Amino acid sequence: MQHHLLVMIEFQSKKSMIIRVCKCEFKLKLLQLILLLCPLLTWAQQLDSNPIQVNSFKKVTYCIDPDWHPYESLNQSIHTGLSSDFIQLFTTHTGIETDLIITQSWLETIELLKSGKCDITPTLNRTDEREKFLTFSEVWYRSPNVLISLKDEPFLQGLENLENRTLALTEGYRITDYVNEHYPEINTYPVANEVEGIQAVINGDVDIFIGSMLSINNFIQSNGFDEIKIAGWAGPEDLLRVGVTKNNQALIPTINQFIAQISEAERIAMFRKWNNISYIDNTNYRLIKKITAVFSLLLIAGILYNLL
């Protein structure tokens, strides 16, 4: 009897020890799981938090292209266009105030960014030259570039088909650097902005102008210019980003986080507000007439052959 009692006590002791070991192992695994999940939970909290963490930035100055509607422009010194909505959303999401510095041209804007008198610009392409004085965010808007000509010009497809035509290019734009580098044989004509480039085509000063599709078509339709058309696609598409001066590059993570948090509804609302593209005339009507005529002749010949 005494022997059985000792066995039972030993069994209970071992059982208790096993339970304690199991509990310790469970607690250890639970602790490991918590340590594994903590970074993920912290990251998720950061993404969902509003306003976004902005470090020490309370206010930034910005400058824009004053003549690039509907992307951005100045109307009686008031910022309008897609980037105006972008800046408003930026302030709402981050709590960072923004102060617009007025410029008279895109070249003046670039000079203010180089000198550090302006902290950021919201809508531009990244280039090797600009990376010398700016740090860039992720892309927040994309748009193709197009060729503009008078209605009697054929559909040119692209830059490689310009031959001896004269091409107007906007000074300081990324697409201008691209054309000069990759198509040095093209005759070029410098203009200050896209409006001046379109007017040069209408006046017969140049044969072709190259610009961003959204702004070009907006201008054509707003002014009722039925003598010009989109005559082809040109160069790389615009990949628009925020440019930040080197002294303020610590702002880039906040801007990228904001861009990632822009909802699809907000993007659609911005685009619909400033986009009025309804029709692009790039049809080669002469080619269609020729194809139709040939098809008709073949059809008639087929009918006559069956009758005979």
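Let's start with Asn125, which sits in the loop between strand S6 (120-124) and strand S7 (134-136). Helices here are DSSP runs of H or I with at least four residues, strands are runs of E with at least two, and both are numbered from the N terminus. A word on the source: this is a predicted model, where local features need pLDDT of at least 70, side-chain atom pairs count only at pLDDT 80 or more, and totals for chains, interfaces and linings use all residues. Residues are numbered from 1 along each chain as its sequence is written, and side-chain values use heavy atoms, with hydrogens and water left out.

Back to Asn125. Is Asn125 buried or exposed? Its relative accessibility is 6%, so Asn125 counts as buried. Buried means under 20% relative accessible area, exposed means over 50%, and partly exposed is in between, with a 1.4 Å probe and protein chains only.

Which side chains does Asn125 join by polar contacts? One is Arg174, at 3.4 Å. Another is Asp238, at 2.9 Å. A polar contact is a pair of N or O atoms within 3.5 Å; within protein, one must be able to donate a hydrogen and the other to accept it, and residues adjacent in sequence count only if both atoms are side-chain atoms. Leaving aside residues up to four places away in sequence, Asn125 touches Arg130, Phe136, Arg174, Glu237, Asp238, Leu239 and Leu240. Contact means heavy atoms within 4.5 Å.

Now the whole protein. It has nine helices and 14 strands. Of its 308 residues, 41% count as buried. Take contacts between residues at least 6 apart in sequence: 74% of them join residues at least 24 apart.

Next, helix pairs. Two packed helices are described by the angle between their axes and the distance between the axes. Axes are lines fitted to C-alpha atoms, for helices over the stretch in contact, and angles run from 0 to 180 degrees between N-to-C directions.

First pair on my list: helix H2 (residues 82-94) and helix H8 (residues 264-274). They pack at an angle of about 150 degrees, with axes 9 Å apart. H2 and H8 are therefore roughly antiparallel. Under 35 degrees counts as roughly parallel, over 145 as roughly antiparallel, 65 to 115 as roughly perpendicular, and the rest as oblique. From H2, the contact uses Leu82, Ser84, Asp85, Phe86, Leu89 and His93; from H8, it uses Glu266, Met270, Phe271, Lys273 and Trp274.

Look at Asp85, in helix H2. At 9% relative accessibility, Asp85 counts as buried. Beyond residues up to four places away in sequence, Asp85 touches Met270, Lys273 and Trp274. The side chains of Asp85 and Trp274 make a polar contact of 3.0 Å. Asp85 and Arg267 are 182 residues apart in sequence, yet 9.7 Å apart in space, C-alpha to C-alpha.

Glu194, Val195 and Ile198 of H5 meet Ser215, Ile216 and Phe219 of H6.

Helix H5 also holds Ile202. Ile202 touches Leu150, Phe225, Glu227 and Ile228, not counting residues up to four places away in sequence.

Last stop, helix H7 (residues 252-261). Seven of its 10 residues are buried, so H7 is largely enclosed by the rest of the structure. Those buried residues are Ile252, Thr254, Ile255, Gln257, Phe258, Ile259 and Gln261.
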